[in-house]
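Dear colleague,

Here is the structure I promised to hand over. Please have it open while you read my notes below.

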Amino acid sequence: MAVEVSITSEIAEKLRALPDSSAVALHLKSDQYFDAIQGMLDRFAMKKDLEVVYVTSTIPSQSIINALEVLEIPMDHIWFVDCVSQIMMSQAKRHPHAIIVESPTMLENIMLKVEFLIRGHPDRNALVVLDSINSLAIHNNTKILSEFLHILVNHLRSRGAYTVIFSMREYETDEIRNMLVLVSDDSIELGK
Amino acid sequence: MTGIDAIDHILNGGVPRGNTVLISGSVGTGKTSICIEFLVRGALNGENSLYLSVTEPTDKLLMNVIPFDFFDDKLVRQGKLQFVDLPKIYDKLGIDKEDLDFDQTRLLADTIAGIVEEQKIRRLVLDSVTSVCYRIREQERIRDFLLRLGTVLSAKGCTTLLVSEIRSSEDGYSQWGVEEALADGVIVTGNLERRGDLLRTLQIVKMRGTTHSRAKYVLDLTTSGVLLVPLLKGGSVASGG
């Protein structure tokens, strides 16, 4: 339990220290995953009154929503762009705060859905979470993924939004690291 | 300005006032939605806007149209935004034959121009010009119809979108080739298949009076209107659209 608290606090503190419109690569281990989400959404985004657009290509949005409910994190300002539920042919009910993208290969559609959700809340600054670069790399080659990140991050920066890109240490390659260095302003290594 | 942010952005301002623009694409690529947003944005801006439907009754069309967040029923009630079925105009003009002769073609162009003048229409959509041209048939008469209509509407400061239906396999942007040659602008919508994914695309091929982007964009039709992002080029493209 002590470790969980330290991870949630650590990520919130590190994100708070960043200037607005920052793009951050968040390097974490799989066992830090839900603590990182809690710290980012509950301790950082809520305190800063941010509208959260959470792009998931790792696990279905409903799984994250279930975890948020357990953690009693309100969903009012959290929206999902879910790129995995459709390819998993999941029959699960769709949460009203989740938009489905048919496949993680439809990178342009991910950008369009992020833009749509941000436009829906013009009066609030946004935090866009990309979970994760590793799962996107399973479905996309490095060239198109780099291009996607470059366009998305710069667009979000121009809109004053924070971007956090998850990278799971166990699945990181040199290519992924290089890609993240290219587009991020900063890098957070959780637990180091 | 069209009022559609994404399109105005890639046009570097918008469609110049009085231009006649061909919106060309195969089925399901978003032509009608773009046109309706163009009219709604215009009406919201105080410009009288008219949609002339040729193939689909407007009642049915309105049932299936995207429920735009910015749409206001008041626009229709106040007559700022009008929907008219062209077959009703054919009936009024006594045009009952399938093929339009030279005089009927001129009468149709003059009637549309008359409505535009009388109603002070500043934005017009003809959906689709292809269906009208099917009844005119001969290239010379099609040319005469489009020239006559385009000249009059331009002089009245009415910006016009002509919907052109093409098959995805076709070269060119219109059924007869005349339409694209006479239009001031050509906007092409399409479907692009990439590794089994079907993406809606939009590209400005021509727009007189602007320095526009010529790149291909991916399109999304949303309740907040048309959204565009650049087509990513890093991946392998199986076939064009």
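Start in chain B: Gly25(B) stands opposite Thr189(B) in β6(B). The model is predicted: local features need pLDDT of at least 70, side-chain atom pairs count only at pLDDT 80 or more, and totals for chains, interfaces and linings use all residues. Residues are numbered from 1 along each chain as its sequence is written, while chains are lettered from A and ligands numbered from 1 in the order in which they are written.

**Strand β6 of chain B**

The strand covers residues 185-194 of chain B. (Helices are DSSP runs of H or I with at least four residues, strands are runs of E with at least two, and both are numbered from the N terminus.) Eight of the 10 residues in β6(B) are buried, which leaves the strand mostly covered. (Buried takes 20 or more other C-beta atoms within 10 Å of a residue's own; exposed takes 12 or fewer; partly exposed lies in between; C-beta atoms are placed from the backbone.)

β6(B) pairs with β1 (residues 20-25) of chain B over five bridges, in the parallel sense. (Two strands pair if DSSP finds at least two bridges between them.) With β7(B) the sense is antiparallel, over 10 bridges. There, Val186(B) stands opposite Lys206(B). The hairpin of β6(B) and β7(B) has two residues between the strands, and Arg195(B) takes a positive phi near 45° in this hairpin.

In total, 15 residues of chain B are in contact with 20 residues of chain A.

**Strand β2 of chain A**

Over to chain A. Six of the six residues of β2(A), residues 51-56, are buried, so the strand is largely enclosed by the rest of the structure. In a regular strand the side chains alternate between the two faces of the sheet. Both faces of β2(A) are covered: one side has Glu51(A), Val53(A) and Val55(A), the other Val52(A), Tyr54(A) and Thr56(A), all buried.

β5 (residues 126-131) of chain A pairs with β2(A) over six bridges, parallel. Thr56(A) has Asp131(A) as its bridge partner in β5(A). β3 (residues 78-82) of chain A is joined to β2(A) by five bridges and also runs parallel to it. Here Val53(A) has Trp79(A) as its bridge partner. From β2(A) the chain crosses through helix α3 (residues 61-70) of chain A to β3(A), a right-handed β-α-β crossover. (Right-handed means that, with the strands pointing away from the viewer, the path from the first strand over the helix to the second runs clockwise.)

Asp49(A), in the loop between α2 (33-45) and β2 of chain A, has a positive phi of about 55° although it is not a glycine. Asp49(A) counts as exposed because it has 9 C-beta neighbours inside 10 Å.

**Helix α6 of chain B**

This helix runs over residues 102-118 of chain B; its 17 residues should span 24 Å at 1.5 Å a residue, and the end C-alpha atoms are 24 Å apart, which agrees. (The expected span is 1.5 Å times one less than the number of residues.) Thr105(B), Leu108(B), Ala109(B), Ile112(B), Ala113(B) and Val116(B) are its buried residues. They cover an arc of only 125° around the axis, which puts them on the same side of α6(B). (The arc is that of the directions from the helix axis to the C-beta atoms.) Among the elements that cover them are α5 (86-93), β4 (121-127), α7 (129-136) and α8 (139-155) of chain B. The face turned away carries the exposed residues Asp103(B), Gly114(B) and Glu118(B).

Lys120(B), in the loop between α6 and β4 of chain B, has a positive phi of about 50° although it is not a glycine. Lys120(B) is exposed, with 11 other C-beta atoms within 10 Å.

**Cis peptides**

Please look at two bonds. In chain A, Asp131(A) and Ser132(A) are joined by a cis peptide bond with omega about 5°. Ser132(A) lies in the loop between β5 and α5 (133-139) of chain A. In chain B, the bond from Asp127(B) to Ser128(B) is cis, with omega near 5°. Ser128(B) lies in the loop between β4 and α7 of chain B.

Best wishes

Methods:
Contact = placed C-beta atoms within 7 Å.
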